[in-house]
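Please read it alongside the sequence and the coordinates.

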Amino acid sequence: MATLESWLDEFRRIGYPIGDTAKVIQQDGDEGADTGLVAVKLTNSSRVTYMQPQRPGAMEWVVTLEPYDEPEVLSSADVHRLATELSMVSALCVFLETKSRAFVGDDRR
């Protein structure tokens, strides 16, 4: 968790506007391993996104969007703001993949 926290701090320092909407959540993996999970609360939607390695030990990260309980109706301006947020989520996912590869010495890509 400490490693992921430091990566989030670095992502913030680069200048991405995630503020306190992103945080690391403990996720227990096989044999009690802390695999880490990054959650981002979208400010322009009622959804929360989660990022994690595709599978334990994988360098590829994936994004999960929580399902809606109710339809979400957005204005064109709201959709534009949401698209901007999702672009930042995508950039964070790529950043986490890059940091993961560097962490284990895998320079493929």
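Predicted model: local features only at pLDDT ≥ 70, side-chain atom pairs only at ≥ 80, totals over all residues.

## Fold and helix packing

Counted by type, the chain has two helices and four strands.

Several totals describe the chain as a whole. Of its 109 residues, 31% count as buried, while the chain exposes about 6,900 Å², of which carbon and sulfur atoms supply 53%. Among the contacts in the chain with a separation of 6 or more, 45% are accounted for by residues 24 or more positions apart.

How do the two helices pack, and at what angle? Helix 1 and helix 2 meet at an angle of about 130 degrees, with their axes 11 Å apart. Because angles from 65 to 115 degrees count as roughly perpendicular and those over 145 as roughly antiparallel, this value makes helix 1 oblique to helix 2. The crossing in which helix 1 passes helix 2 is right-handed. The residues that make the contact are set out below by helix.

| Helix | Residue range | Residues in the contact |
|---|---|---|
| Helix 1 | residues 2-14 | Thr3, Leu4, Trp7, Leu8, Glu10, Phe11, Ile14 |
| Helix 2 | residues 76-104 | Met88, Ala91, Leu92, Phe95, Leu96, Lys99, Ser100, Phe103 |

Taken by class, the residues of this contact between helix 1 and helix 2 divide into eleven nonpolar, two polar and two charged.

Technical notes:
Residues numbered from 1 in each chain as written. Heavy atoms only, no water. Buried < 20%, exposed > 50% of the residue type's maximum accessible area, 1.4 Å probe, protein only. Contact = heavy atoms within 4.5 Å. Areas by Shrake-Rupley, 256 points an atom, 1.4 Å probe, with all protein chains shown as cover. Axes fitted to C-alpha atoms, helices over the stretch in contact; angles between N-to-C directions. Parallel < 35°, antiparallel > 145°, perpendicular 65-115°, else oblique. Left-handed = near helix turned anticlockwise from the far one by under 90°. Nonpolar A, V, L, I, M, F, W, Y, C, P; charged D, E, K, R; others polar.
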